Amino acid sequence: MKIAKSKLIILAIVVVGFVILTLWLFDAISSYEAKSISPDPFEPVATKAISERIEGKDYKTARNAFDSIYMMIDIQGKLILKDGSQPTPVAHIDSLKLSAYNAAVKALIADTDKLFQSSNWSSFPLQDYKSIADYYLELFSQDNFYEPNLKKIIGNINDYYAALRVCRGAGSVTTVAGIQQIGQKVKAYQRNPLTNDSELKSQLNSAVQKAKNSVSAHIANRASYLKNRITTFSSMDEFNAVYYSINDALVSYVNKYDNNSSTNTARSTLVSAKAEAENYFN
């Protein structure tokens, strides 16, 4: 009986000791959890990552780092401790996000400033710049300090491509009104920083003349086509309808822009076509 009682006493001591140890561990863990968020170890890590991986980098390096760091901050902001609190306060999460965002946007602005001062825009990844500017603008659409800068980037790149389209289209203009429209568009795009690009500046300077040449050549071609198809008209009246249409275009052009080799050719061809048509139908 004495041995049995001794075993019971030993067992009781072991149980009590286990309970005490369990309570001590629980208290220690609770104390650790409480202390682990004060100070918050995440903030200095995130701040250092922003400083080392985004600030002062080229736009693409900064963008790639921003995406991963922003995601890391966002995940941290969604963490909830056992007591229902957050390891990093919402205000601090928002501040870290904005800090990463501002650093990334500054990197883009720095690179696009180099672009806008360059004399060769085609050597830059313009569409990529525009895409990233759009992305940043949409990401922080409210109270964005850099909104004017981002819109300037987007606007200048859009205008660059629009100006190139105008210059390319100048060679297919067929009317005097079309020349005037080209002139108005060219005037709108002849501004800084677009004219820093030497190729675009050259094309803008020659676009109106290119349109004029296109119209006068078009009139000369119409006159030549008319002369070559006199026999396809059923009457002199039908011929005259086309003839006067071409002649009116020629007169309108010459009154506005004077003569050139194409208009002289067109006039000579029309006179010859008129005479041939009168002989043919009479």
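# A tour of the salt bridges, core and loops

Start at D128, which is partly exposed at a relative accessible area of 25% (buried means under 20%, exposed over 50%, partly exposed in between, with a 1.4 Å probe and protein chains only). This is a predicted model, where local features need pLDDT of at least 70, side-chain atom pairs count only at pLDDT 80 or more, and totals for chains, interfaces and linings use all residues. Residues are numbered from 1 along each chain as its sequence is written, and side-chain values use heavy atoms, without hydrogens and water.

**Salt bridges**

D128 forms a salt bridge with K60, the closest N and O atoms being 3.6 Å apart (a side-chain nitrogen of Lys or Arg within 4 Å of a carboxyl oxygen of Asp or Glu). D128 lies in helix 5 and K60 in helix 3, so the pair ties together parts 68 residues apart in sequence (helices are DSSP runs of H or I, at least four residues, numbered from the N terminus). K60 is partly exposed, at 43% relative accessibility.

Next, select K97 and D74. Their closest N and O atoms are 2.8 Å apart in a salt bridge. K97 lies in helix 4 and D74 in helix 3, so this pair ties together parts 23 residues apart in sequence. K97 counts as buried, at 14%; D74 is partly exposed, at 24%.

Now go to helix 2 (residues 42-53), where E52 and K48 sit four residues apart, about one turn of the helix. They form a salt bridge too, with the closest N and O atoms 4.0 Å apart. The whole structure has nine salt bridges.

**The core**

Select I54, I73, L108, Y136 and F239. Of the 73 residues in the largest nonpolar core, these touch the most other members (a core is a set of buried Ala, Val, Leu, Ile, Met, Phe, Trp, Tyr and Cys residues joined through side-chain atoms within 4.5 Å). Helix 4 (residues 90-117) gives the most to this core, with 12 residues.

Centre on Y136. Leaving aside neighbours within four places in sequence, its contacts include R63, F66, Y101 and L150 (heavy atoms within 4.5 Å).

**The loops**

Move to D143, in the loop between helix 5 (126-139) and helix 6 (147-169). Its phi is positive, near 50 degrees, in a residue other than glycine. D143 is exposed, at 82% relative accessibility.

D258 sits in the loop between helix 9 (236-257) and helix 10 (261-281). Its phi is also positive, about 75 degrees.

Finish at P193, in the loop between helix 7 (176-189) and helix 8 (198-228). The peptide bond from N192 to P193 is cis, with omega near 5 degrees.

Key. Helices (H or I, at least four residues) and strands (E, at least two) are DSSP runs, numbered from the N terminus.
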